[in-house]
Amino acid sequence: MPERLFVCTPSKLGAYADCPRRYRHSYVDRPAPPKGPPWAHNSLGASVHTALKNWYALPVDRRRPEVLPTLLKGVWVRDGYRDDEQERDAYRRALGWLEAYVGGLDPADEPVGVERVVAVKTGVLAFNGRADRIDSRPGADGPELVIVDYKTGRTGLDADDARGSSALALYAYAAERVFRRPCRRVELHHLPSGTVAAHEHTVESLARQLNRAEQTARDIMAAERAVADGGDPDEAFPTTPGPRCGWCDYRRTCPAGAALPGKEPWAAIDRPAAPPVVAE
């Protein structure tokens, strides 16, 4: 019998690449260990993403910056913030990002897809993922697709981030097959800085990213088989301790993670304290 395909999303593959133990707690252990508290940066990112999705769902004549406060309030996720003051500050920042970003968009420019699921099967993977936005733009030989991914983290991004993103490459590979149009360009739109980090893939570079994803899937299936055959789950899914442990949902469950300092749920959006004013 042919080997079953590995059903996956970018998040599922990324969890194993970051730390096999985190993958195990998320996708193998049943019941799954309890997670830590919700993260404020996830709440902020989800709110901004949903507001943009709903902006594109409006009729063209209503796609104006003035509607953004109502859209953002309607989808605002309140979890993870330190207090009401920090939450209000985060809301004001998010609204400013959205107003600046939407101000640079053509309301009449209709994307091919917004929060669009694309899926593809290979000899190893049954991949599906939800792209933030898929644009159609003129190319040398006709319309071409572009994968757009919104980012709301504090750190700026560059072309290397776009080039190295396995998720973006898999979206591009799947979109090209779903829509039967070339899709080689991927973009990271960093709303806090108003910058775009982009990369133009080739057939070869997309193939390399796909091969890496398939190898990750093979490693996961081998580890899952080892556990099913009675192997030690800790050996099959080892930890990779490092800075990411402080942000892991399962840090309290993992001995290696628990030994490292954890982050407060609001740490990623906390503004640094202003330096003291020194009188001359």
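Author: This is a predicted model. Let's begin with the strands. Phe-6 has Leu-125 in S3 as its bridge partner.
Reader: Which way do S1 and S3 run, and how many bridges join them?
Author: They run parallel, and three bridges join them. S1 covers residues 6-8, and S3 covers residues 125-139.
Reader: What about S2 and S3, parallel or antiparallel?
Author: Antiparallel, with eight bridges. S2 is residues 113-121. Val-117 is partnered with Arg-130 in S3. A hairpin of three residues joins S2 to S3.
Reader: And how many bridges pair S3 with S4?
Author: Seven, in the antiparallel sense. Ser-136 has Leu-145 in S4 as its bridge partner. S3 and S4 also form a hairpin, with two residues between them.
Reader: New topic. Why should H8 span 38 Å?
Author: Because H8 has 26 residues, at 1.5 Å a residue. Its end C-alpha atoms are 37 Å apart, which agrees.
Reader: Which residues of H8 are buried?
Author: Among them are Leu-206, Gln-209, Leu-210, Ala-213, Ala-217 and Ile-220.
Reader: Why would residues three or four places apart point the same way?
Author: An α-helix has 3.6 residues a turn, so such residues point the same way.
Reader: What comes just after H8?
Author: Gly-230 does, with a positive phi of about 100°.
Reader: Last one. How is the chain divided into domains?
Author: Domain 1 is 6-36 + 213-259, and domain 2 is 40-104. Their C-alpha centres lie 32 Å apart.

Technical notes:
Residues are numbered from 1 along each chain as its sequence is written. This is a predicted model: local features need pLDDT of at least 70, side-chain atom pairs count only at pLDDT 80 or more; totals for chains, interfaces and linings use all residues. Side-chain values use heavy atoms; hydrogens and water are left out. Helices (H or I, at least four residues) and strands (E, at least two) are DSSP runs, numbered from the N terminus. The expected span of a helix is 1.5 Å times one less than its number of residues. Buried means under 20% relative accessible area, exposed over 50%, partly exposed in between (1.4 Å probe, protein chains only). Domain bounds come from an automatic or database domain assignment. Two strands pair if DSSP finds at least two bridges between them.
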